[in-house]
Amino acid sequence: MKRALPWSDQVDVISSDESSSSSSSSSSYSSFDVEVQVNDGTKNVAVDQPPKELSSDGLLIRKAEIYQEYMKQLPIPTQRGSVIPFTTWMGLGRSIKQLYGQPLHYLTNILLKQWDHSRVGSEDEHRPLDIIIHPCKAEATVWLVEELHRQTSSHHHMAKLWQSDPMHHAFIDSIFLQL
C-alpha cells in the first residue's frame, strides 16, 4: 500500500461541521467538509461520518468489519519456529499463538474446536494428535486454514455467527480496542 503523503509533509486538518437536517440525502451518514492543508496547497474534501448511534446489529457488523480488516493485514509466518508437540487441535492453536505472537482468526478457532469434538468417540480419542499426524503437517494445515479465513471471510457472515453465539468472545483473540 502506498502512502498518500510523505511523512515529512506537514498536514493541518480543519473541519467545519456543515451537516444540517436540510440535507436531502437518504444515507445514514452525515457529511462535513474538511480543509486539508499540505505545505503550500489547500484542498477541500467532503468526508462521510458514520452515524453517532448504531443499532446493536449495525455495531456488531462494524466490529466484524474492523476485525476482518485487521486480520487481513497480519502476515502468515513463512518460517517455522520449531516443531510443536500437541495433544489437541485447540492446544496446537494456543501454542501457535504463543510461539508466533499472533492471534488466530475467530473461524479458525471455531474449526479447531470442531476438529477436537469430532474425535470424541473415536478409537484414537485419547491418543495425542502429534502421534497420529506429524506436527509440521498439522501446523501447516492450521496456517493454510488461517490464511483462507483471513483473506476470504465475509464480515457479514461473522456478524451473523457472533449474533447467534452469545459466547463468541471466547473464540476471538484479543487484538483490537472496543468501539
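How many helices and strands make up the secondary structure of the protein? The answer is six helices and three strands. The model shown is predicted.

**View 1. The order of elements along the chain.** Starting at the N terminus, the elements run β-β-β-α-α-α-α-α-α. The protein has 179 residues, and 28% of them count as buried. It exposes about 12400 Å². Carbon and sulfur atoms supply 53% of that area. Take the contacts between residues at least 6 apart in sequence: 65% of these join residues at least 24 apart.

**View 2. The largest nonpolar core.** In soluble globular proteins, nonpolar side chains tend to be buried together. Here, the largest nonpolar core has 13 residues. Ala64, Tyr67, Tyr106, Met158, Trp162 and Ile172 touch the most other members. Two or more residues each come from α1 (56-73), α3 (106-118) and α6 (155-164). Helix α1 gives the most, with four residues.

**View 3. Ile172 and its partners.** Set aside the neighbours within four places in sequence. Ile172 is then in contact with Tyr67, Tyr106 and Trp162. Another core lies apart from the largest one. This other core has twelve residues, including Ile96, Tyr100, Leu104 and Leu129.

**View 4. Helix α2 against helix α3.** Helix α2 covers residues 89-100. The axes of α2 and α3 come within 7 Å and cross at roughly 145°. On the α2 side, the residues that meet α3 are Trp89, Met90, Gly93 and Lys97. On the α3 side are Asn109, Leu112, Lys113, Trp115 and Asp116. What kinds of residue form the contact of α2 with α3? Four are nonpolar, two polar and three charged.

Key. Residues numbered from 1 in each chain as written. Predicted model: local features only at pLDDT ≥ 70, side-chain atom pairs only at ≥ 80, totals over all residues. Heavy atoms only, no water. Core = buried A, V, L, I, M, F, W, Y, C linked by side-chain atoms within 4.5 Å. Buried < 20%, exposed > 50% of the residue type's maximum accessible area, 1.4 Å probe, protein only. Contact = heavy atoms within 4.5 Å. Axes fitted to C-alpha atoms, helices over the stretch in contact; angles between N-to-C directions. Nonpolar A, V, L, I, M, F, W, Y, C, P; charged D, E, K, R; others polar. Areas by Shrake-Rupley, 256 points an atom, 1.4 Å probe, with all protein chains shown as cover.
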